[in-house]
Amino acid sequence: MPFTPVIAVITDEVSEDIGTALAFMADHDVGQVDIRSVDERNVILFDDAELAELSARLGDAGVTVGCYCSPLLKWPRSGAKIPEGANFHGFDPGVLTPEQAVPRAFEVANRLGAAQLRIFSYFTYDGFQPEHLDDDLDHLLDLAQTHDVTLVLENEHVCNVATLDEMTAVVARRAHPRLRGALDLANHRAARPPAPTADTLAAAAKLAGTVHIKDFTGDPRRFVALGEGMVDHGPLFDALREHGPIGPLAFAVETHQPKDGPAVTARSIAALRAMLT
């Protein structure tokens with residue numbers, strides 16, 4: 001196995017209350033988290049004092065932050081509409097303009113000690129091509145260098161980069177050491193129902209910076225604990241073992257079950273640990 005698996009959890013998947021989330025991490029022996037929203041506010045909207053308090057609480061709990069799951073580029077471009085059901089996870093595009101949000105996201109990552117910053121690819125619009133992101137990535141990668149973080153591009157089913165193939169096309173085209181993929185197999189299956197091919201998985205695995213873990217049932221789609229739905233992560237894990245990066249690789253549990261977050265997340269962690277051993 002070329003990578004060392006690190007099991008992480010996005011805290012608001014357990015609870016928007018950080019104290020509740022940190023107690024859960026302690027109970028389930030999780031020492032790394034990804035941060036997105038706290039108290040139903042994306043932390044990009046926190047002021048410096050609030051970020052300092054959050055960072056102190058995480059440190060006191062003995063928990064490190066692997067990735068700041070920012071909302072960068074999860075907004076419309078070229079007149080595209082916001083898709084129905086798009087979830088901003090506590091971010092209000094009316095409060096921060098893109099010009100304000102981009103530099104602030106890097107400040108947030110640094111203040112939380114996160115080595116990675118998650119980005120998207122704009123809400124889907126007709127005619128998208130990977131080169132449409134060139135100017136944005138030029139700017140983001142300059143900031144990533146300045147702030148010493150690595151960007152991880154997530155394939156998100158409501159965005160232009162929705163599948164693992166599309167993520168690979170963008171990341172491989174840039175071939176930059178500070179740009180990796182946030183691999184989300186469930187998002188791929190939501191955008192393109194057939195399971196990805198072995199070649200698709202191998203290409204994505206070579207560019208993996210982090211892996212998001214969730215599962216869902218068929219029609220109608222309902223998110224469930226890992227291993228209880230239709231998303232077979234086994235072939236992806238096999239591809240990562242053969243082609244993935246050397247060193248620590250986070251597997252971040254993201255259950256999308258706010259009404260039963262702790263229980264579903266606990267079952268997902270148990271299933272993930274079994275799959276990775």
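## Packing of H1 and H2

Helix H1 (residues 18-27) packs against helix H2 (residues 48-60) at an angle of about 20 degrees, and their axes lie 11 Å apart. H1 and H2 are therefore roughly parallel to each other (a word used for angles under 35 degrees). H1 passes H2 in a right-handed crossing, meaning that the near helix is turned clockwise from the far one by less than a right angle. Ile18, Gly19 and Leu22 of H1 meet Leu54, Arg57 and Leu58 of H2 in this contact (heavy atoms within 4.5 Å). The contact residues divide into 4 nonpolar, 1 polar and 1 charged, with Gly counted as polar, Leu and Ile as nonpolar and Arg as charged.

## About the model

This is a predicted model, in which local features need pLDDT of at least 70 and side-chain atom pairs count only at pLDDT 80 or more, while totals for chains, interfaces and linings use all residues. Residues are numbered from 1 along each chain as its sequence is written, and side-chain values use heavy atoms, with hydrogens and water left out.

## The two sides of H1

Ile18, Ala21, Leu22, Phe24 and Met25 are the buried residues of H1 (under 20% relative accessible area, with a 1.4 Å probe and protein chains only). Seen down the axis of H1, these residues fall within an arc of 155 degrees, so they line one face of the helix. Their cover includes strand E1 (3-10), strand E2 (32-35), strand E3 (37-38), H2 and helix H9 (261-276).

On the other side of H1, Ala26 and Asp27 are exposed (over 50% relative accessible area). Aspartate 29 follows H1 and has a positive phi, near 55 degrees.

Technical notes
Axes are lines fitted to C-alpha atoms, for helices over the stretch in contact, and angles run from 0 to 180 degrees between N-to-C directions. Helices (H or I, at least four residues) and strands (E, at least two) are DSSP runs, numbered from the N terminus. Angles under 35 degrees count as roughly parallel, over 145 as roughly antiparallel, 65 to 115 as roughly perpendicular and the rest as oblique. The arc is that of the directions from the helix axis to the C-beta atoms.
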